[in-house]
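Welcome! Take a moment to turn the model around, and then let us walk through it together.

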Amino acid sequence: LLKKALFVPCRSKEDLHRWIKVYLGLDIPDCTVAEESNSNPMEVIWEVYSKCINNDVSDITRLMAYASRDSFKTLSAAVLETLMILHLDRPVVHLSAILQQSKKSQEYVKSYFNRPLIRDYKVKENERQIEYVRYYNAVTGDSITEKEWEALPTGQGLYEKKQTYIQIIVATLQSTNSAH
């Protein structure tokens, strides 16, 4: 049941909060964490996530949430990147001004993709990219790993391959040219 629910999009902020607790082992604050900020980490995650799930991104082409240091900004970005892979099968490009800035977020993402259930779908990992593959059966709603799919004696054609990645790039014209 946990394996099947891993890929099921959440329909409420409470469900998403519970999913993050169960699968990522995090209890993201659902309150403003610093009085100098305007952002509630769980609220920001939900706002972006729900718009993406509903394919309603027209009014969030620019979203600004600001917070003090250690107020869950990088952690929230990593959670969202993980959700874009697992719930939306969307590739993610993490763009930062410098590589060192991206590495912290990528550390979080890598730790999530090394957690039980999720790690079985990771097929490649290096310093700047994580690739993920699952095989999805639209009739049963089941998702299986690449190894499980390869081991099937019959019925491979019943599954659709879902493959995507998270890639780190640095904000230079050369590195962003192909990923834009």
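Axes here are lines fitted to C-alpha atoms, for helices over the stretch in contact, and angles run from 0 to 180 degrees between N-to-C directions. You are looking at a predicted model, in which local features need pLDDT of at least 70, side-chain atom pairs count only at pLDDT 80 or more, and totals for chains, interfaces and linings use all residues. Residues are numbered from 1 along each chain as its sequence is written, and side-chain values use heavy atoms, with hydrogens and water left out.

Let us start with the whole chain. It holds 7 helices and 5 strands; helices (H or I, at least four residues) and strands (E, at least two) are DSSP runs, numbered from the N terminus. Of its 180 residues, 41% are buried, that is, under 20% relative accessible area with a 1.4 Å probe, protein chains only.

Now for one pair of helices. Two packed helices are described by the angle between their axes and the distance between the axes. Helix H4 (residues 73-88) packs against helix H5 (residues 99-112) at about 45°, and their axes lie 9 Å apart.

Which residues of H4 and H5 meet? From H4 come Thr74, Leu75, Ala78, Val79, Glu81 and Thr82, and from H5 come Lys104, Ser105, Tyr108, Val109 and Tyr112, in contact through heavy atoms within 4.5 Å.

Definitions and conventions:
Buried means under 20% relative accessible area, exposed over 50%, partly exposed in between (1.4 Å probe, protein chains only).
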